[in-house]
Every structure is written in C-alpha cells, then in structure tokens.
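Here is a short briefing on one protein model. It covers the overall layout, the charged pairs and the backbone angles.

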Amino acid sequence: MQPPMPLFIGTALASLIVQSSAIAQVLACHPPALPDQADARDCFPRFGRTNQGNCLRLDACSLHITSNRVEFIYLLDGQPVRGWTNCLDPGWIVGRRYIPASSPAARSMLDYICRSRQTTHFR
C-alpha cells in the first residue's frame, strides 16, 4: 500500500524547510562591521565560527566597561555566556575559567570588545 500523496508532499516540504533553515544559519554567521561603523540597532554582531564550529556572536548592548575590565555576554550557537576581559590578555574569563581567543572569530570578538573600551568612557 502506498502512502497518501499529501503525506509525501508534507514530508518533502518539512525536509526542505529544515534544510533551508540550516543553510540560513550557516550563511548568517558572518563578520560584523567595525565598532565605529556598526549600526547602533545591531546589538548582536556575528564574528564567524569558533574552532569547534560554533557560531560566535556578541551582545554588544551588554558591554559594561569599567576602569579595569569589560563585562559582556556572548552567544555560542544562540546560548548566552557571561564573560569579562581586562583587554591585556589574549582571552577572557567565564566564571573562574580562562578562555583563550584561539580562533579568528574569537580574536575578532575580543578585538571588537577592547576597541569599544578604547572609544568609550568607563563607568
């Protein structure tokens, strides 16, 4: 017995939607504008992919700049993570763990954060 035609069409359509969504997520992970060129409405610049393949984004609206560090929230595949950096080391801290900026995407994000610190008066 063959499955009904609407079931086949529905399954094919669902597969196409899932594939399109996955392709859109890959294409959506691209480098952001520089801090002085960024659109003020874009709070979530994308920096590309980490060495593990995760899409790395920054909540640029979360930057909290003080005299000795910058606190921020970044997203790995959409999951928020709180971190901070002193902009002296090539990495940042999450909890008590040091995260080295080992991928081009991570280095770009850290550069963006630290350049924002240089152009902003601390609180």
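**Briefing: fold, salt bridges and backbone**

At 25% relative accessibility, Arg69 counts as partly exposed; buried means under 20% relative accessible area, exposed over 50%, and partly exposed in between (1.4 Å probe, protein chains only). This is a predicted model: local features need pLDDT of at least 70, side-chain atom pairs count only at pLDDT 80 or more, and totals for chains, interfaces and linings use all residues. Residues are numbered from 1 along each chain as its sequence is written, and side-chain values use heavy atoms, with hydrogens and water left out.

**Overall layout**

- The protein has two helices and six strands. Helices (H or I, at least four residues) and strands (E, at least two) are DSSP runs, numbered from the N terminus.
- Read from the N terminus, the elements run α-β-β-β-β-β-β-α.
- The protein has 123 residues, and 31% of them count as buried.
- The accessible surface of the protein is about 8400 Å², by the Shrake-Rupley method with a 1.4 Å probe; for residues, only the protein chains shown count as cover. Carbon and sulfur atoms hold 59% of that surface.
- Take the contacts (heavy atoms within 4.5 Å) between residues at least 6 apart in sequence. Of these, 36% join residues at least 24 apart.

**Salt bridges**

- Side chains of opposite charge can pair when their charged atoms come close.
- The count comes to two salt bridges. The rule asks for a side-chain nitrogen of Lys or Arg within 4 Å of a carboxyl oxygen of Asp or Glu.
- Glu71 is partly exposed, at 29% relative accessibility.
- Asp111 pairs with Arg115 in a salt bridge, and the closest N and O atoms are 4.0 Å apart.
- Both Asp111 and Arg115 sit in helix 2 (residues 104-119). They are four residues apart, about one turn of the helix.
- Asp111 is partly exposed at 41% relative accessibility. Arg115 is partly exposed too, with a relative accessible area of 27%.

**Positive phi**

- Most residues other than glycine have a negative phi.
- Asp77 has a positive phi, near 50 degrees, and is not a glycine. Asp77 lies in the loop between strand 3 (70-76) and strand 4 (79-85). Its relative accessibility is 46%, so Asp77 counts as partly exposed.
- Cys87 is not a glycine either, yet its phi is positive at about 65 degrees. Cys87 lies in the loop between strand 4 and strand 5 (91-94). With a relative accessible area of 24%, Cys87 is partly exposed.
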